[in-house]
Structure formats: structure tokens, C-alpha cells
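Work through these exercises with the structure open beside you. Try each task before reading its solution.

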Amino acid sequence: MTTGITLEALIGPIATATIINVALFAGLWRGHQRGRREGRLPSPYWAGLVAYMAAVGLYAYLHGQQPVSSGLDLFAAAVASEAAGVVITYGLVYSFILSRGRPWSERAWPMVCALVLTAGLIGAIFTA
């Protein structure tokens with residue numbers, strides 16, 4: 001019988017990553033609304049978004065090929081996975097819903113890119 005990660009070991013790091021992602025993106029949504037009123041996104045929101053993406057990218061670069069061996073690794077993997085999900089969800093929503101009313105020539109490329117990213121993520125899940 002093989003040993004694996006128990007549900008008890010998964011819940012804490014993944015729930016924490018979810019809470020952090022929801023808080024970060026709620027803050028970004030608030031900044032987006034403020035930016036729509038003022039004409040541009042406030043710089044602390046840009047700094048937070050860049051720092052978040054840099055942390056996820058650094059983790060993926062440094063630990064991308066190593067197995068998850070601790071709760072901190074599991075937490076970082078959950079944050080990176082949720083970040084990928086947010087990027088793909090935003091791409092799909094933007095290209096298929098928020099860009100309605102624009103000419104097809106402006107919408108086609110974002111639609112193709114969003115679908116390729118989605119297919120790539122799904123493919124990565126089933127080939128891992």
C-alpha cells in the first residue's frame with residue numbers, strides 16, 4: 001500500500017492560500033473600482049499585484065521540478081495554482097464577456113489565447 005498526503009494535511013495550506021487569494025483579489029477589485037473613478041489604478045495596487053506575481057513566479061522557478069514535501073511547499077503550490085486559475089478565468093471572462101460589442105478583429109486573438117491557456121492547463125493536469 002502506498003502512502004500519500006492525507007486530507008488533514010491538505011486542508012490547512014490550501015484553505016490559507018484560498019483566503020489569501022480572495023483577500024488579494026478583493027483588494028485589487030476595490031483598486032480597480034477606484035481606478036475607474038480616478039482614471040488609473042493607484043500605485044499600491046500595482047505594487048501589490050507585481051509583488052504577488054513575482055512571488056508566485058519565483059516559487060515556480062525555484063521549486064517547479066521538486067516534489068511537495070512540507071506544508072509550506074503545499075501552501076506555495078496552492079497559491080501558484082490558484083493564481084493560474086485566476087489568470088485563465090480573467091482571460092476567459094474578458095475575451096468572451098467583457099469585450100462584447102467590440103469588432104471580431106479585436107476579440108478573436110484574446111479568445112484564442114484564453115482557450116489555448118485553458119487547454120494547456122487542462123492538458124497539464126491530465127498528463128502530470
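**Exercise 1**

At what angle do H3 and helix H4 (residues 104-127) pack, and how far apart are their axes? Classify the pair.

*Solution.* Note at the start that this is a predicted model.

Step 1. Two packed helices are described by the angle between their axes and the distance between the axes.

Step 2. H3 and H4 pack at an angle of about 150°, and their axes are 9 Å apart.

Step 3. Angles over 145 degrees count as roughly antiparallel. H3 and H4 are therefore roughly antiparallel to each other.

Step 4. Find the residues. H3 contributes Ile-88, Gly-91, Leu-92, Ser-95 and Phe-96 to the contact. H4 contributes Arg-107, Pro-110, Met-111, Ala-114, Leu-115, Leu-117, Thr-118 and Leu-121.

Step 5. Sort them by class. The contact of H3 with H4 has nine nonpolar, three polar and one charged residues.

**Exercise 2**

Is Ser-95 buried or exposed?

*Solution.* 

Step 1. Place the residues. Ser-95 sits in helix H3, and Trp-109 lies in helix H4.

Step 2. Take Ser-95. Its relative accessible area is 1%. Buried means under 20%, so Ser-95 is buried.

Step 3. Look at what surrounds Ser-95. Not counting residues up to four places away in sequence, Ser-95 touches Arg-107, Pro-110, Met-111 and Ala-114.

Step 4. Check one of these partners. Ser-95 and Pro-110 are 15 residues apart along the chain, and their C-alpha atoms are separated by 5.4 Å.

Step 5. Now take Trp-109. Its relative accessible area is 61%. Exposed means over 50%, so Trp-109 is exposed.

Step 6. Compare the positions. Trp-109 and Ser-95 are 14 residues apart along the chain, with 8.6 Å between their C-alpha atoms.

**Exercise 3**

At roughly what angle do the axes of helix H1 (residues 7-38) and helix H3 (residues 71-98) cross? Describe the contact.

*Solution.* 

Step 1. The axes of H1 and H3 come within 8 Å and cross at roughly 40°. That makes H1 oblique to H3.

Step 2. H1 passes H3 in a right-handed crossing.

Step 3. On the H1 side, the contact includes Ala-9, Leu-10, Pro-13, Ala-17 and Phe-25.

Step 4. By class, the contact of H1 with H3 has 13 nonpolar, four polar and one charged residues.

Step 5. Zoom in on Ala-17. Leaving aside its neighbours within four places in sequence, Ala-17 is in contact with Phe-75, Ala-78, Val-79 and Glu-82.

**Exercise 4**

At roughly what angle do the axes of helix H2 (residues 43-63) and H3 cross? Which H2 residues meet H3?

*Solution.* 

Step 1. The axes of H2 and H3 come within 10 Å and cross at roughly 120°. That makes H2 oblique to H3.

Step 2. H2 and H3 cross in a left-handed way.

Step 3. Tyr-52, Val-56 and Tyr-59 of H2 meet H3. Their partners in H3 are Asp-73, Ala-76, Ala-77, Val-79, Ala-80 and Ala-83.

Step 4. The contact of H2 with H3 counts eight nonpolar, no polar and one charged residues.

**Exercise 5**

Which residues form the largest nonpolar core? Which helix supplies the largest share of this core?

*Solution.* 

Step 1. In soluble globular proteins, nonpolar side chains tend to be buried together.

Step 2. Here the largest nonpolar core has seven residues: Ala-17, Tyr-52, Val-56, Ala-78, Val-79, Ala-80 and Ala-83.

Step 3. H2 and H3 each supply at least two residues of this core.

Step 4. H3 gives the largest share, four residues.

How values were computed:
Residues are numbered from 1 along each chain as its sequence is written. This is a predicted model: local features need pLDDT of at least 70, side-chain atom pairs count only at pLDDT 80 or more; totals for chains, interfaces and linings use all residues. Side-chain values use heavy atoms; hydrogens and water are left out. Axes are lines fitted to C-alpha atoms, for helices over the stretch in contact, and angles run from 0 to 180 degrees between N-to-C directions. Angles under 35 degrees count as roughly parallel, over 145 as roughly antiparallel, 65 to 115 as roughly perpendicular and the rest as oblique. A crossing is left-handed if the near helix is turned anticlockwise from the far one by less than a right angle, and right-handed if clockwise. Contact means heavy atoms within 4.5 Å. Ala, Val, Leu, Ile, Met, Phe, Trp, Tyr, Cys and Pro count as nonpolar, Asp, Glu, Lys and Arg as charged, and the others, Gly among them, as polar. A nonpolar core is a set of buried Ala, Val, Leu, Ile, Met, Phe, Trp, Tyr and Cys residues joined through side-chain atoms within 4.5 Å. Buried means under 20% relative accessible area, exposed over 50%, partly exposed in between (1.4 Å probe, protein chains only).
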